[in-house]
Amino acid sequence: MEKKRLYWRICCVAAIILSIITFTPLVIPQGVSKPELGGVPYSLWTSFVITVLLVILTYIGTRVHPGMQNEEEDL
Amino acid sequence: MIFWVWVFGLIYAGLLVFASLRSYKKNRSSEEFMMAGSNIGLTLGVLTFAAALFSTFTFLGMPDFFRINGVAAWIFLAVSDGAMVFLLLWFGYHIRMKVKGMEFRGVAGLISRCYENRLAGYVFFLSSFLFLIPYVGIQIQGIAIFMDAAFPGSFPAWGWSAGIVLIMLIYSEIGGLKAIIFSDAIQGLLLLGVIWIIGWACLSHFGGIGPMFDKIGTVQEDLLSSPGPQGLLTPQFLFASLIAILMIPVTQPQFTTRIVVMKSMKTMQLMAVSLGAFAILVILPTIFIGMYGADLYSEYGRDEFFANAFLYDQPDAVAALAIIGLIAAGLSTTNAQIFALGSELRGLLRGNENSIMTKTKIGIFVFSVIAFFFSIIVIDQLVLLARVSFAGTGIMGPMIILGILSNRKVSPAIIYLSLTGLIIFLLSLGGWIPDMYFDIRLDLILFITLGIAAVISHLTGTKRQLIRPKTKE
């Protein structure tokens, strides 16, 4: 249970960090579209990666959420 | 095209009728009518949440937003949605634990109970009413504009709007929330299919993703980076939008209700993950349509772009599918919002259950009529009006989160502060007061101030012993 709580907290911190760095020049340098990835402009491919990571984090969150332990409801 | 519109239209109408009749039950309880028996499985849950979330705002608004503001529009919606599904996981757990063992009668009723103060419920209802009705109106208008372009001169725009409102009222009256959820499932799949067909056609125009951005670089290079040609997508605008979108499951009652009526906690959590994947899938093709518009129709107005990209440039069958897909997208969101307003009204009413249900149904009818009139008078960009709707209801976020999470008896100050925040936001929308202070957006200032007030309220609240009602589980 304690481990789950720790993993859940790590997920929360990671989600917050990912969300915040999106609004820094690391992801949206003003007026800059390079380096491209497969022809996709910089801000688009970096923010796409962040979106996918957030969804993956959400999935991990479902596995480690500490409250799930107490749930007796079935799927 | 008319032939295909009839074919797809009849199939779609048949499915809606099927959904309504399947959900219809004689002598159903008000709980069954308003909350679908609180027994929604994973697939239906994902599709109903997605259909309620992705509306004409996504179908028409996002391509237009990409066309005008460029690729950073992805951050505006997709990154924000990615963060929102994570928050949904966290908030969903807490609200489901809060309502466990008690009858959920909408967020307004719940929040009144949390604060032991009915004003909290009224303030929440007021914000929902003020910011959902114009949003519903503009979506109905979006469909009407599109139908007018597809069948010029056949009906006046208000005739299309009236027809849409009527369909919405009939099938929600027959089947209640369950019919809406079934039809949402049909509409969610239809929306996803149609947006990909049109997106793929637009991508084929360029010959691939790389060539698409190469071409856009030669047409208007500013579209390939933030803040875009209009200078709108600044870090501050995007950050304030993130907070507004994050608050959607907390403050927009149609979503909160869907979280609560999911069959189990596990289903709700898997729904959050699937919704994130659905968001990526549905927003991605809007980039292709937007870039197509930027290449061919950059000088055109909104309506001409819609008509060309979705209708005139597509084969007849695809154009017909676009019409039906748009109706599906608009209907699913508008009926979810109108029904949720009815559900919130029900939570605030007192008295005999039959009389409450009658008043609720009258309320749903009145909200629909008001939305119809808004659809005739409102003129705005779909995406920006949607954003105002998210921000306006988002102001209630700190009050709701505090009410649900805090185990202390907190001061009612946050209720009055939220009401004040709402009034200030409305004044700025009306142009009576500025919307920027010290170069910071007013909505961002309000979110931060109310967030801090909520934390202070919790810390200064008095601890109380929570008595949880016995549950059946």
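**Exercise 1.** How far apart are the mean positions of the positive and negative charges of chain B?

*Solution.* The model is predicted, so local features need pLDDT of at least 70 and side-chain atom pairs pLDDT 80 or more, while totals for chains, interfaces and linings use all residues. Residues are numbered from 1 along each chain as its sequence is written, chains are lettered from A and ligands numbered from 1 in the order written, and side-chain values use heavy atoms, without hydrogens and water.
Step 1: Lys and Arg count as positive, Asp and Glu as negative, with His and the chain ends not counted.
Step 2: each charge is placed at NZ of Lys, CZ of Arg, CG of Asp or CD of Glu.
Step 3: for the 30 positive and 25 negative charges of chain B, the mean positions lie 21 Å apart.

**Exercise 2.** Determine how much of chain B is buried.

*Solution.* Step 1: a residue is buried when its relative accessible area is under 20% (1.4 Å probe, protein chains only).
Step 2: this applies to 61% of the 473 residues of chain B.

**Exercise 3.** Describe the setting of B:Ser368.

*Solution.* Step 1: chain B has 20 helices and four strands, which are DSSP runs numbered from the N terminus (helices H or I, at least four residues; strands E, at least two).
Step 2: B:Ser368 lies in helix 16, residues 353-377 of chain B.
Step 3: the relative accessible area of B:Ser368 is 0%, so B:Ser368 is buried.
Step 4: leaving aside residues up to four places away in sequence, B:Ser368 touches B:Val165, B:Met168, B:Leu169 and B:Ile338; contact means heavy atoms within 4.5 Å.

Definitions and conventions
Buried < 20%, exposed > 50% of the residue type's maximum accessible area, 1.4 Å probe, protein only.
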